[in-house]
2 protein chains.
Amino acid sequence: MYGGPRIAIDAMGGDSGVSAMIAGASRALRKDPSLRFTFYGDEPRVRDEIERHKDLPSAIDVVHSPEAIEPSEKPSQAIRRARTTSMGMAINAVKEQRADAALSGGNTGALMAMSKLALRTMPGIDRPALAALLPTLGETDVIMLDLGANTECDAQNLVQFAVMGSAYARCVLAIPKPRVKLLNIGTEELKGTGELKDAAALLREADYLAFRFDGFTEGDQLSRGQVDVVVTDGFSGNIALKTAEGTARFVTDLLRRAFKSSLRSKAGFALSQPALNLLKVHLDPNNHNGAVFLGLNGLVVKSHGSASPKGVANAIHVAATMVRNDITRKIGEDLDNFRAHAFANGTAA
Amino acid sequence: MYGGPRIAIDAMGGDSGVSAMIAGASRALRKDPSLRFTFYGDEPRVRDEIERHKDLPSAIDVVHSPEAIEPSEKPSQAIRRARTTSMGMAINAVKEQRADAALSGGNTGALMAMSKLALRTMPGIDRPALAALLPTLGETDVIMLDLGANTECDAQNLVQFAVMGSAYARCVLAIPKPRVKLLNIGTEELKGTGELKDAAALLREADYLAFRFDGFTEGDQLSRGQVDVVVTDGFSGNIALKTAEGTARFVTDLLRRAFKSSLRSKAGFALSQPALNLLKVHLDPNNHNGAVFLGLNGLVVKSHGSASPKGVANAIHVAATMVRNDITRKIGEDLDNFRAHAFANGTAA
């Protein structure tokens, strides 16, 4: 590869705006000096922030964007401002192959709509999906998709998500044959919606693909480390992801209360602190930041709006890993393979 | 009230079977001596267990049931064995008004199907829902429904769940005007499925009802204590409930690992233990055991299959509280009220 992955960064997105995005890029560059960045945003503000990070200037370009997408802006309105906004211009850089991936911490719905319009879905993909990594008790994280790009999904969508999610697992988790499960409300074959049962039937037949379909799983199994890719519709996926985030925060809030409840427990906390810091690292959402839109002709990564510089650096790392592993090509090959077999067997929809 | 709530108990359901059910009943009776139990199950085994609990015999009856429903039995098959199984006979006791509520720790799908067939849905309710209490950071628990009785729901179902859930909140949490929200993947009005948007529109108009509709909420807000009743379809509700259970266990497993990781943290754990026990109590699913089928002409409570005697006692307490508060009548009044207004305004479906 020429210099290294070229990342187009929407400098205006995210709750803490320019400063977290640029501090995150600086952090990412220290770890991986071959990275190349172009920042899109209000140029004077971006340049001001860049001044604070001495390692940055040689590696970066800044492109002035007169506008930014608002956090509550409707996707239908956002797509009309693709050419003048930092988000739209970053995506456009991927479309015109001036960048290998785009990164934004802004409005997810707008990012999705603009990316879909500019980059189009890959041949064989009806709808792109949003995928992310979640922590588990096992050796590696688990990938879950879709996390909210598609409120309702049919069986074909779910099968395509399985193909995309397992390509992602091969690239990012380095698992040669990922274990894939469908999220359901029970593990028996008769459980769940018609779409889930149909998707399970299609996946059971697709044993020539580079993953192992293991049937259904339930919400309480997500973090047990028994599955590599969990496939679901965007509504349930979003509910599961946010419920997991909320519950982790709930338990740690209770823990904090418990430790503060007496002098004795405060002393216990002080003693246990080094060990508890490991727990904190494991649960810190910044260490899992970087959700990916899969299924487009180009890479777009969503950073959490409230991500710290560490979180932004992690999302940049996710983007760079996908570029280096050429994930778009891997998904394409798996899809071709799936369609060739499905047509041969007469089971294509 | 005559003697006190009469509870019909399926002694054969649940993973640990007869012993947990009867030990739980004994525990419940010590707390609330006015309770009256009838156990349905294999009579010799039930009598053996009862022998171990000296406080039980005066308050209880045993009715022999020749069969029991299997954990994996299909609901369609189970309903044919209503007259000969411990689960079916307990439900039938409610139907024939020999009991005020039925309790089972067995197969949820079978319990639902049998209850619906024997007790029928209340006038104005199209589908019953499964409701339970979840812990929060606030003063009281939050009620969530549906938790899995209905895989797909329309707007009318969701509105009926809101009415039932808020009646339940008034009875069990003693909140005069509960705050009700719909679970969604965003809080903006344009988010989510058509069913959710329609249900929100209907609920916003129903300001004469004994609850306050507060719009949409997301998975990460369930445990924040900002809402009393969370309404959702059975698929999403089940995913959210199980993800919350799984994540709580995940965090406490990580915590256990952290405490065991060094001598120093072990000492810290020993010091903090009394405080950590409070956390354990707060998160123990047995303290939240007892999911309720709402919307039937009679009360049926589902105890978790793996509930301890403490958990079973808690589920019995839930059943008794509902009987004492005459929840079926309260739901009926709210529904009549809703329909009267809806017809007057021409918005009834």
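Just after helix 4 of chain B, Gln97(B) takes a positive phi of about 55 degrees. Helices (H or I, at least four residues) and strands (E, at least two) are DSSP runs, numbered from the N terminus. This is a predicted model, where local features need pLDDT of at least 70, side-chain atom pairs count only at pLDDT 80 or more, and totals for chains, interfaces and linings use all residues. Residues are numbered from 1 along each chain as its sequence is written, chains are lettered from A and ligands numbered from 1 in the order in which they are written, and side-chain values use heavy atoms, with hydrogens and water left out.

Start with helix 4 of chain B, residues 86-95. Is it enclosed or open? Nine of its 10 residues are buried, so helix 4 of chain B is largely enclosed by the rest of the structure. Buried means under 20% relative accessible area, exposed means over 50%, and partly exposed lies in between (1.4 Å probe, protein chains only). Among the buried residues of this helix are Met87(B), Met89(B), Ile91(B) and Val94(B).

What do the buried residues of helix 4 of chain B pack against? The list is strand 1, strand 2 (36-41), strand 3 (60-64), strand 4, helix 5 (108-119) and strand 11 of chain B. Contact here means heavy atoms within 4.5 Å.

Gln97(B) sits in the loop between helix 4 and strand 4 of chain B. Gln97(B) counts as exposed because its relative accessibility is 62%.

Strand 4 of chain B covers residues 101-104.

Two strands pair if DSSP finds at least two bridges between them. Strand 4 of chain B pairs in the parallel sense with strand 1 (residues 6-10) of chain B, over three bridges. In that pairing, Ala101(B) is the bridge partner of Ile7(B). Strand 4 of chain B also pairs in the parallel sense with strand 11 (residues 299-302) of chain B, over four bridges. There, Val300(B) is the bridge partner of Ala102(B).

## Backbone details

| Feature | Residues | Angle |
|---|---|---|
| Cis peptide bond | Leu145(A) and Asp146(A) | omega about -5 degrees |
| Cis peptide bond | Leu145(B) and Asp146(B) | omega about 0 degrees |
| Positive phi | Gln97(B) | phi near 55 degrees |
| Positive phi | Ala174(B) | phi near 55 degrees |

Asp146(A) lies in the loop between strand 6 (142-145) and helix 6 (155-173) of chain A. Asp146(B) lies in the loop between strand 6 (142-145) and helix 6 (155-173) of chain B. Ala174(B) is in the loop between helix 6 and strand 7 (179-183) of chain B. Ala174(B) counts as exposed because its relative accessibility is 60%.

## A buried serine in chain A

Ser166(A) is in helix 6 of chain A. Is Ser166(A) buried or exposed? At 0% relative accessibility, Ser166(A) counts as buried.

Its side chain makes polar contacts (a pair of N or O atoms within 3.5 Å; within protein, one must be able to donate a hydrogen and the other to accept it, and residues adjacent in sequence count only if both atoms are side-chain atoms). A polar atom of the Ser166(A) side chain lies 2.9 Å from the backbone oxygen of Ala162(A). The side chain of Ser166(A) also reaches the backbone oxygen of Val163(A), at 3.2 Å. An α-helix has 3.6 residues a turn, so residues three or four places apart point the same way.

Leave aside the neighbours of Ser166(A) within four places in sequence. Ser166(A) is then in contact with Pro178(A), Val180(A), Phe211(A) and Val229(A).

## Where the chains meet

The contact takes 60 residues from chain B and 60 residues from chain A. The area buried between the chains is about 5,000 Å², and carbon and sulfur atoms give 70% of that. Buried area is the accessible area (1.4 Å probe) that two parts lose on being put together, summed over both. Ile185(B), Phe235(B) and Phe250(B) supply 13% of the area that chain B buries against chain A, more than any other three residues.

There are four salt bridges between chain B and chain A. A salt bridge is a side-chain nitrogen of Lys or Arg within 4 Å of a carboxyl oxygen of Asp or Glu. Arg224(A) forms a salt bridge with Asp253(B), with the closest N and O atoms 3.2 Å apart.

Which helix of chain B gives the most to the side that touches chain A? Helix 8 of chain B does, with 22 residues.
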